[in-house]
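Subject: Structure for you to look at

Hello,

Here is the structure I promised to pass on. Please open it first, then read my notes below.

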Amino acid sequence: MSHPASRVLGMLELLQTHHRLTGADLGARLGVDERTVRRYAGTLADLGIPVTANRGRYGGYRLSPGYKLPPLMFTDDEAAAVVLGLLAAEQLGLTTEAPATGVALAKIERVLPHALADRLVAVRESLGFTLRPRREGSARPATATLLALGAATRARQRVSLTYRSWRGGVSLRQVDPYGLVFHAGRWYLTGHDHRRGEIRTFRLDRISAVEAGSESFAVPEGFDAVAHVTRSLAGVPYTWEVEVILETDLDQARRRIPPTVAELSESADGVLLKCRASSLDGTAQMLAGLGWPFTVLRPDDLREAVAAYAKQLAEMATRYPAHATV
């Protein structure tokens, strides 16, 4: 960074990264004296980039708050992180209703050096995901809804929600927002619903309006928003209550079975798996696929489903291609 222009741009990058830096800090990082730092600050100001300087013990240089910089500067690692993050967000459904991911990627690629942009495009074009993509046309929350609830959650500020239930009915809810959770391709809000007098879970794509109130609240000590959302969704009525002992340890079980599928806990004989199921055939296939010995505690109908699946596998094992000689 021997050329003065490079050092000016280097100062801009440092100010983008850090909230405030002293003249001494900037001089040390750029390899110049503080007088030169002041000159660089003036150069940036002449270019229309407002750099403010404050004197005193806690003074230093910083960019004016809220200023949007036109020459956003990324290192190779930073650019890769941003591009991969946008691609993952689109794949997971982590985006809102406005289709901004493709536009954002195009903007970033336009301002990157050609060689780096070309390499990132190559990664994007050759990248595959084992996760299933979000279904086309599936509901996503409004960006304004997500941002408003995020601000209210941080400020501990009660909100009024216009909410549509799964049956289609619309109601006005007074809610203390405890946390936002992204789970299985959907956004959820969890908090105290004053209409019901209990902690409830709301889908963000069913919220049509958010209005912040003036009343504040306190989140219950130790409250875990993610755990509450997964438990509440797992508590949706199913046909069967399943309990199985897996002959493995808890760490291994947790690596293979996500908390959205089943509740896992240690037991004297291994790991106790509890879940709800609408199909015992699917549960039997899941248990067989884990590869561990297991014991069905309940329901007895699951034993029959496991036996039927085992018989089906045994029959498949005896099959041969039509042209094979036995």
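Is His183 buried or exposed? His183 has a relative accessible area of 14%. The cut-off for buried is under 20%, so His183 counts as buried. Keep in mind that this is a predicted model.

His183 belongs to strand β4, which covers residues 170-183. Leaving aside residues up to four places away in sequence, His183 touches Tyr188, Thr230, Leu233 and Thr260.

Next, the sheet. Four strands form an open sheet in the order β9-β10-β8-β11, and the pairing is antiparallel. Its edge strands are β9 (263-267) and β11 (294-298), each pairing on one side only. On average, neighbouring strands in this sheet are turned by 25° against each other, direction ignored. β8 and β10 run antiparallel and are joined by seven bridges. Across from Glu241 stands Arg276 in β10.

Two helices meet these strands. α10 packs on the sheet and touches β8, β10 and β11. The direction of α10 makes about 15° with that of β8. α11 lies across β8 and β11, and runs at about 145° to β11.

Then the cores. The largest nonpolar core has 20 residues. Val242, Val244, Leu246, Ile257, Leu264, Leu273 and Leu302 touch the most other members. Elements giving two or more residues to this core are β8 (240-246), α9 (250-256), β10 (270-277), α10 (280-290) and α11 (300-317). Apart from this core lies another, of 17 residues, among them Val8, Leu12, Leu21 and Ala41. Not counting residues up to four places away in sequence, Ile257 touches Leu246, Ala262, Leu264, Leu273, Leu290 and Trp292.

Last, helix α6. This helix spans residues 114-126, which makes 13 residues. From first C-alpha to last, α6 reaches 18 Å, close to the 18 Å expected at 1.5 Å a residue. Leu116, Ala117, Leu120 and Val121 of α6 are buried. These four sit on the same side of α6, because they cover an arc of only 135° around the axis. His114, Ala115, Arg119, Glu125 and Ser126 are exposed on the other side of α6. What covers the buried residues of α6? The cover includes α4 (76-92) and α5 (101-111).

Best wishes

Definitions and conventions: Residues are numbered from 1 along each chain as its sequence is written. This is a predicted model: local features need pLDDT of at least 70, side-chain atom pairs count only at pLDDT 80 or more; totals for chains, interfaces and linings use all residues. Side-chain values use heavy atoms; hydrogens and water are left out. Buried means under 20% relative accessible area, exposed over 50%, partly exposed in between (1.4 Å probe, protein chains only). Contact means heavy atoms within 4.5 Å. A nonpolar core is a set of buried Ala, Val, Leu, Ile, Met, Phe, Trp, Tyr and Cys residues joined through side-chain atoms within 4.5 Å. Two strands pair if DSSP finds at least two bridges between them. Axes are lines fitted to C-alpha atoms, for helices over the stretch in contact, and angles run from 0 to 180 degrees between N-to-C directions. The expected span of a helix is 1.5 Å times one less than its number of residues. The arc is that of the directions from the helix axis to the C-beta atoms.
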